[in-house]
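Look at the model first, then read the notes.

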Amino acid sequence: DQLDRAIGDFTAALRIDPQYRPAYVQRGLAYDRQNRRDLALADLRRALALAETAADRAAIQAEIDRLQ
């Protein structure tokens, strides 16, 4: 389905650039839509570690808080 394809695309992007924060965020959100919370949280936590601005950190932390 579309979510599986999206997850595959984000995973491919991360193989090219493992520091590409937006791919972690979007893959995490896709995992969440599949009710794969552990994987979603892992990706969002990785994105949080890579976030460069306070606004990015706040938005990602809000998603993490929502899932916990």
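Exposed means over 50% relative accessible area, buried under 20%, and partly exposed in between (1.4 Å probe, protein chains only). Helices (H or I, at least four residues) are DSSP runs, numbered from the N terminus. This is a predicted model: local features need pLDDT of at least 70, side-chain atom pairs count only at pLDDT 80 or more, and totals for chains, interfaces and linings use all residues. Residues are numbered from 1 along each chain as its sequence is written, and side-chain values use heavy atoms, with hydrogens and water left out.

**Buried face**

- Leu 3, Ile 7, Thr 11 and Leu 14 are the buried residues of helix 1.
- They line one face of the helix, because they fall within an arc of 75° seen down its axis. The arc is that of the directions from the helix axis to the C-beta atoms.
- These buried residues pack against helix 2.

**Nonpolar core**

- The largest nonpolar core has 17 residues; Tyr 24, Val 25, Leu 44, Ala 47, Ile 60, Ile 64 and Leu 67 touch the most other members.
- Helix 1 (2-16), helix 2 (21-33), helix 3 (37-50) and helix 4 (54-67) each supply at least two residues of this core.
- A nonpolar core is a set of buried Ala, Val, Leu, Ile, Met, Phe, Trp, Tyr and Cys residues joined through side-chain atoms within 4.5 Å.

**Arg 66**

- Arg 66 lies in helix 4 and is partly exposed, at 46% relative accessible area.

Definitions and conventions:
Contact means heavy atoms within 4.5 Å.
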